[in-house]
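Please open the model in your viewer and keep the selection panel at hand. The stops below say what to select next and what is to be found there.

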Amino acid sequence: MEIEQLSHVLSDRLPALVSVALFTIVVYAVSSLWNEKSTLPLLGAGYGNAAQRRKEYMTNAAKLYQKGYEIFRHQAYRMTTLNGERIVVPLEALEELRGMPDNVVNNIIGLSKEIETKYTSLDGENSAFAAHMVRSDLTRSLNRINPELAAEVERTVREELGPCDDWTSQMPFNQILRVVAIVSGRVFLGPDLCRREEYIYASTMYTVDVFRAVSKIKAWNQYLKPIVQFFIPELKTLSEHRRKARAFLAPVIQERKEAMRNGSDLPDDMLQWMMNKAESYGVSDARLAELQLDLSMAAIHTTTMAVADLLCDIVIRPDTVDELRAEIKQVLKNHDGVLTTQALYEMKLLDSVMRESQRWNPISQSRFPRYIAKPVTLKDGTQIPAGMFIETAIGPVNHDPKLYPEPGVFDPHRFHDLRNATKPDPINYKTREQYQYVTVTKENMGFGYGKHACPGRFFAANEIKLIMIHILLRYDMRMPNGATERYPRLIQGSHEAPDPTVQIEFKQVQSAAQA
Ligand code: HEM
């Protein structure tokens with residue numbers, strides 16, 4: 001198939017490269033004979049060669065990880081994924097691996113392979129600066145910025161979902177995407193720029209275009225990628241996004257630099273916090289602008305998918321909607337109607353539903369993608385050679401009855417009961433607070449694991465809570481045509497997502513209409 005695609009491209013445009021391409025195919029075929037770097041057991045050998053195993057992974061990744069969990073629960077094994085061969089490590093190995101330095105167990109090279117940075121030109125090194133900024137300045141600002149964030153969410157939800165005086169069918173994914181982009185943008189770039197259509201377009205489309213480009217380049221084997229990259233228009237679209245972001249923010253950055261020199265009042269947003277540190281971290285103005293795209297990519301679709309999945313989970317559970325509203329109203333009353341960090345913390349049923357939704361709806365069946373830069377020997381004697389990529393399975397963990405009793409039940413109260421200690425703790429955590437949405441443990445890897453676990457999860461949790469609060473207070477929701485089944489999700493390889501085309505009906509509740 002790949003050879004056919006290649007010859008089609010080349011016969012039209014670049015006959016001189018045919019010989020180079022054929023040579024690389026031969027190199028690939030020969031080199032694959034020496035590809036057995038690890039002697040760990042291989043899952044799915046029965047499906048045939050690597051291409052056949054990859055095909056199986058494309059449609060049945062969740063089943064393969066489940067099988068791997070059942071057969072090799074406490075043992076590492078090899079598996080053919082869409083990114084080539086991976087070593088899937090058991091949960092207990094994560095304890096050891098997470099403590100190892102980045103020059104042994106590396107997240108950036110791990111991620112680079114996933115998003116093909118060599119061809120997409122996404123910059124892993126400077127993304128470490130973005131991670132630092134989220135972990136430090138953004139998370140520390142949450143107490144301060146929450147009330148104004150709440151006001152932004154209230155206004156944006158109202159504007160984007162509209163009046164809905166009668167039952168109105170919507171594809172809420174699109175509206176939620178805009179809400180998340182604007183609200184996140186308020187924190188990233190300030191109250192004016194976050195509402196500019198150029199920003200909203202870039203921050204919502206960059207991720208889509210990255211994944212389009214990634215899937216195009218991934219369709220080719222690694223020896224052909226250096227050639228075909230020049231014929232993939234989606235890669236050019238990414239450069240165009242970066243060029244536009246630089247042009248959009250250049251005057252803003254200049255203006256702010258001027259204000260910094262003059263000692264004028266400075267904005268209180270991520271761009272400014274980054275500018276304050278840019279010189280000491282060696283980050284150029286151009287990169288500052290591009291980092292906004294990287295931030296959007298980390299923050300906006302992930303948060304949107306979480307809200308969209310939540311809506312799909314609760315729209316078929318009217319009792320849960322009633323209970324959530326009651327909790328929200330009670331907590332608001334206790335806090336004089338102000339959505340402070342403490343008020344959000346006290347919405348423990350909402351937190352529980354969010355975590356249960358994340359348990360059911362991971363955005364990937366695998367987690368902890370890391371590159372092994374130096375050979376590792378685990379305590380049980382398992383050897384992981386340098387140059388291998390590792391990961392761990394999350395789906396089977398989320399549905400392990402020893403960790404989550406009755407895993408096949410969507411239980412909105414599951415984590416609420418565990419936090420309140422009204423149910424026994426099967427994992428025996430040090431504190432029941434580890435059942436919060438934002439707590440990362442090896443049994444709860446929705447936000448990843450270890451020192452590179454998602455630093456944006458505290459911001460995301462607040463944002464999701466605020467969006468859900470305003471949707472629940474303002475709108476009644478129902479499935480079209482009285483349907484009672486949850487909408488299925490989209491699946492490709494290990495990646496899963498809510499279907500952005502599904503419809504939900506909204507109607508403004510009476511009290512909100514009068515407000
Ligand atoms: C529900 C929403 C979100 C989900 C499910 C999510 C999930 C993840 C996951 C799985 C990782 C990889 C962790 C690992 O490999 O161990 C990650 C990394 C990251 N996320 Fe999030 N994320 C969300 C929202 C956000 C937001 C809102 C931001 C920024 C404000 C953000 C910023 C980042 C950054 C900068 C990294 C890279 C961390 C590093 O390399 O050290 N994320 N996220």
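**Around the ligand**

Begin by selecting helix 13, the element that gives the most to the shell around the ligand, with six residues; helices here are DSSP runs of H or I with at least four residues, strands are runs of E with at least two, and both are numbered from the N terminus. This is a predicted model, in which local features need pLDDT of at least 70 and side-chain atom pairs count only at pLDDT 80 or more, while totals for chains, interfaces and linings use all residues. Residues are numbered from 1 along each chain as its sequence is written.

Now show the 25 residues around the ligand, of which Ala299, Thr302, Gly448, Cys454 and Gly456 come nearest; a residue is near a molecule if its C-beta atom, placed from the backbone, lies within 6 Å of it. Helix 7 (124-161), helix 13 and helix 19 (457-474) are the elements that give two or more residues to this shell. Coloured by class, the shell has 17 nonpolar, eight polar and no charged residues, where Ala, Val, Leu, Ile, Met, Phe, Trp, Tyr, Cys and Pro count as nonpolar, Asp, Glu, Lys and Arg as charged, and the others, Gly among them, as polar.

**A residue of helix 7**

Next select Thr139, which is found in helix 7. Thr139 counts as partly exposed because it has 16 C-beta neighbours inside 10 Å, whereas a buried residue has 20 or more other C-beta atoms within 10 Å of its own and an exposed one 12 or fewer. Its C-alpha atom and that of Phe459, 320 residues apart along the chain, are separated by 6.5 Å.

Finally, select the open sheet of five strands, whose order is 1-2-8-5-3 with mixed pairing; two strands pair if DSSP finds at least two bridges between them. Strand 1 (77-81) and strand 3 (105-106) are the edge strands, each pairing on one side only. Strand 5 (residues 366-372) and strand 8 (residues 389-393) pair in the antiparallel sense over four bridges, and Arg370 has Ile390 in strand 8 as its bridge partner.
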